[in-house]
Amino acid sequence: MEQPQTSLFDEKKVVQEFCDLLECSKELFNGLRAILDTVYNLKRWQIGEIASKIGQLYYHYYLRTSETNYLNEAYQFYTAIRARNYYKNVTQETPDLILKKHRYYARFIVVCLLLNYKQDVHDLVTDFARQVENNKSILQENEELEWSQVVLEVKEFLDSDPVQVLKAETYQKCDIQMRLLPSSLPASEKGVQTRITLGDAIIVGNSPSQLKFSELTIDMFRMVQALERSPGSPSHTMEKINPAQETSERLLKRENPHKYLLYRPTFFQLYTFLCTAIKELPPAHALLLYLSAHGSKNRLNKNVEINEEDGYELGGVITNDRKDETNTRKQTTLKNMHCLHPADLYPFLRKPMMIIVDSDNSKAFSMLPNLFGQPVICLMAPEELPNSIKEQFSQGRLLTCFLYSPLMAFLQVCGFDQTSDRLYETCSQVISKALQEIQRSYLRSRTIDHSFLQFFGDDFLRLILLRFAFCFCTLKLHRAYKDSKFHPKSCPVLPEEDFVGNPAINKAIVDMADVLGVRSLFLETNPA
């Protein structure tokens, strides 16, 4: 029997009720702070715990809506807790209260990281590390080790940028905004219609050896930043949002795509989220699936003919096996059950979809078919990388870095680990010119697959396509990446003659190499 579908009215009612309660709790708490302390004689840490829970509610609502304004609300509550020293005397209490305080610090740090408040993060980490050290004798040994590991993780996370940008006068680190700004994209050309909008994004991180903090790998963090508008940009809503006004209609028109963040999911968990996202995707909206994971290559039998179009023959990317060893795969004809194969995605190609595979087995997805006539694009990382870049794997994968910050990635492949803010700004202008020429190549190509252009009406999808093509052209021209296994690929294939063969794009890349003094790293190109 078919299950009754939830109506838009019912969904709106649930959202409205949640938002009313959330706003009510905030207003009540603002008015009750003094009363709770003086009249009801609540301990200060108890007031802090209430505020922390409200901040956590706002953080979860950010996860639901992708509205960065809710991060700001969470930040306000967490900041008030610290400013008022609500947890100041927790050391005189029980281990349970110490753990509450540590969780507060961890949550506050996550919010500051997502807001790119690096100085706040540095201050919090210093304070947090001191608290963990001082409370060693109170907590059990395993708990103390866990929190010491959390401190280490966030310190490493802070230093994960491939290139440090320093102020020319003081040599202090600069905070660089990586979220979408109007200046991030070339102006949209006439004739580009908004056919498809990015609705949802599933961001998967399954690289256990990569830097992470709070179940957020560095690659996942970078993709989150790449899929959000910067607070304060003209296209971003800056008025204070009343959660009670967060209607279903507004959610459909949200300025940032809704994101599912999955850290080391099992195959079935990932498949469940895919089913949910596709089912709830509105008409004329696309799903973005981002996979940062180790590859799983099949052990092929030499006597068996390989059919790449089968979708299972070349393996895929690993998912978390949760120690399930029921399939030992003693026979070479068996496939890895803890692996997302290309054919596993076939049912979801009934909706517009962009897939990004940053893995050492990304080539397994190179034959992804268009079965239902919907626009489908798969962007794939290089099969291999030179040793100099391989060594930096724990600090993030290269393709993801190009999608996050093409300038950071360009500096990285040229061997830089730091630069001045002035040089960074000069190079940023050259990057803008390169992306403008790449956009023209997409729109003027006579041989490009129409799927690319169908995604061009959405700012986020267009930016990803522009940055991917920049990565493609840069690595094709770089002498250290001349082997084809070092080049990213796409399905459908980008027409090389319209991109690498475009003198204007080549000139922009060479101009930037000249500015940086590394012209010799790139191949000679024909002048425009």
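Here follow questions and answers about a predicted model of a protein.

The model is predicted, so local features need pLDDT of at least 70 and side-chain atom pairs count only at pLDDT 80 or more, whereas totals for chains, interfaces and linings use all residues. Residues are numbered from 1 along each chain as its sequence is written, and side-chain values use heavy atoms, with hydrogens and water left out.

Visitor: How many helices and strands does the protein have?
Guide: Helices (H or I, at least four residues) and strands (E, at least two) are DSSP runs, numbered from the N terminus. On that count the protein has 17 helices and 11 strands.

Visitor: What percentage of the 528 residues of the protein count as buried?
Guide: Buried means under 20% relative accessible area, exposed over 50% and partly exposed in between, with a 1.4 Å probe and protein chains only. Of the 528 residues, the buried share is 53%.

Visitor: Of the contacts between residues at least 6 apart in sequence, what percentage join residues at least 24 apart?
Guide: A contact means heavy atoms within 4.5 Å. Among contacts between residues at least 6 apart in sequence, the share joining residues at least 24 apart is 75%.

Visitor: Why is strand 4 described as largely enclosed by the rest of the structure?
Guide: In a regular strand the side chains alternate between the two faces of the sheet. In strand 4, His285, Leu287, Leu289, Leu291 and Ala293 lie on one side and Ala286, Leu288, Tyr290 and Ser292 on the other, and all are buried. Strand 4 (residues 285-293) is largely enclosed because its buried residues number nine of nine.

Visitor: Which strands pair with strand 4 in the parallel sense?
Guide: Two strands pair if DSSP finds at least two bridges between them. Nine bridges link strand 4 to strand 2 in the parallel sense, and Gly205 has Ser292 of strand 4 as its bridge partner. Six bridges join strand 4 to strand 8 (residues 353-358), also in parallel, with Met354 of strand 8 as the bridge partner of Leu288. The partners are therefore, by the rule of at least two bridges, strand 2 and strand 8.

Visitor: In what order do the three strands of the open antiparallel sheet stand?
Guide: Strand 5 and strand 6 (residues 316-318) pair in the antiparallel sense over two bridges, and the bridge partner of Gly295 in strand 6 is Val317. The three strands form an open sheet in the order 5-6-7. Its edge strands, each pairing on one side only, are strand 5 (295-296) and strand 7 (339-340).

Visitor: How many residues of helix 4 are buried?
Guide: Helix 4 (residues 95-115) reaches 31 Å from its first C-alpha to its last, close to the 30 Å expected at 1.5 Å a residue; the expected span is 1.5 Å times one less than the number of residues. Just after helix 4, Asn116 takes a positive phi of about 65°. Helix 4 is mostly covered, and its buried residues number 16 of 21.

Visitor: Which element supplies the largest share of the lining of the second largest pocket?
Guide: A pocket is an open set of points on a 1 Å grid over the protein atoms alone, where a 1.4 Å probe fits, with protein on both sides within 12 Å along at least five of seven lines; lining residues have an atom within 4 Å of a point. The second largest pocket is lined by 24 residues, and Tyr59, Leu63, Ser214, Glu215 and Leu261 lie nearest its centre. Helix 2 (44-65), helix 4, helix 6 (141-158), strand 3 (258-263) and helix 9 (267-280) each supply at least two lining residues. The largest share, six residues, comes from strand 3.

Visitor: Is Ser184 buried or exposed?
Guide: Ser184 is found in the loop between strand 1 (164-166) and strand 2 (197-206). Leaving aside neighbours within four places in sequence, Ser184 is in contact with Arg179, Leu435, Leu463 and Arg467. With a relative accessible area of 17%, Ser184 is buried.
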